[in-house]
Amino acid sequence: VSASDIFGGNSTQEAADIFLNILKGKGSWAQNAVVLANAAVALQTSGMSEDYHSCYAAAVESLESASALNKFETLMKMQS
């Protein structure tokens with residue numbers, strides 16, 4: 001993955017749009033790879049599992065099933 005493949009935009013709004021596109025399943029391979037790797041490490045750090053591979057599988061399931069998007073939307077509604 002090169003830095004240009006995961007460029008986060010030129011503004012906060014662009015970064016937010018990219019993030020939302022990833023959650024909606026419209027991210028590029030590189031964007032998804034980075035998000036999934038980071039999510040797996042976060043899950044592992046939280047104690048979900050000591051095994052990185054099971055945390056990665058959980059992250060993939062969450063993204064592909066739209067569970068991550070649904071949780072994000074719930075959090076956004078709570079902010080209103």
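This is a short chat about a predicted model of a helical protein.

Reader: OK, quick overview first. How many helices and strands does the protein have?

Author: Four helices and zero strands. Starting at the N terminus, the order is simply α-α-α-α. Keep in mind that this is a predicted model.

Reader: And what size of box do the C-alpha atoms fill?

Author: Roughly 35 × 35 × 20 Å, taken along the principal axes. The accessible surface comes to about 5600 Å², and carbon and sulfur atoms account for 57% of that.

Reader: What share of the residues count as buried?

Author: 18% of the 80 residues.

Reader: Which residues make up the largest nonpolar core?

Author: Seven in all: Ile22, Leu23, Leu36, Ala59, Val60, Leu63 and Leu69. Helices α1 and α3 each put in at least two residues of this core, and the largest share, three residues, comes from α3. As a general point, nonpolar side chains in soluble globular proteins tend to be buried together.

Reader: Let's pick one of those. What does Ile22 touch, leaving out residues up to four places away in sequence?

Author: Ile22 touches Gly27, Gln31, Asn32, Val35 and Leu63.

Reader: Is Asn32 buried or exposed?

Author: Asn32 counts as buried because its relative accessible area is 19%, and the cut-off for buried is under 20%.

Reader: Switching topic: pockets. What volume does the largest pocket have?

Author: About 290 Å³. The largest pocket is lined by 15 residues, and Leu23, Val35, Ala39, Ser62 and Ala68 lie nearest its centre.

Reader: Which helices supply at least two residues of that lining?

Author: α1 (12–23), α2, α3 (52–64) and α4 (67–79) each do.

Reader: And which gives the most to the lining?

Author: That would be α2, with five residues.

Reader: How does the lining split by class?

Author: There are 13 nonpolar residues, one polar and one charged in the lining of the largest pocket. Leu23, one of the residues nearest the pocket centre, also belongs to the largest nonpolar core.

Reader: Last one. Of the contacts between residues at least 6 apart in sequence, what share joins residues at least 24 apart?

Author: In this protein, 37% of them.

Definitions and conventions: Residues are numbered from 1 along each chain as its sequence is written. This is a predicted model: local features need pLDDT of at least 70, side-chain atom pairs count only at pLDDT 80 or more; totals for chains, interfaces and linings use all residues. Side-chain values use heavy atoms; hydrogens and water are left out. Buried means under 20% relative accessible area, exposed over 50%, partly exposed in between (1.4 Å probe, protein chains only). On a 1 Å grid over the protein atoms alone, a cavity is a set of points where a 1.4 Å probe fits but cannot get out, and a pocket is an open set with protein on both sides within 12 Å along at least five of seven lines; lining residues have an atom within 4 Å of a point. Grid points are joined across faces, edges and corners, and a volume is the space filled by probe spheres set on the points. Ala, Val, Leu, Ile, Met, Phe, Trp, Tyr, Cys and Pro count as nonpolar, Asp, Glu, Lys and Arg as charged, and the others, Gly among them, as polar. A nonpolar core is a set of buried Ala, Val, Leu, Ile, Met, Phe, Trp, Tyr and Cys residues joined through side-chain atoms within 4.5 Å. Contact means heavy atoms within 4.5 Å. Accessible areas come from the Shrake-Rupley method with a 1.4 Å probe; for residues, only the protein chains shown count as cover.
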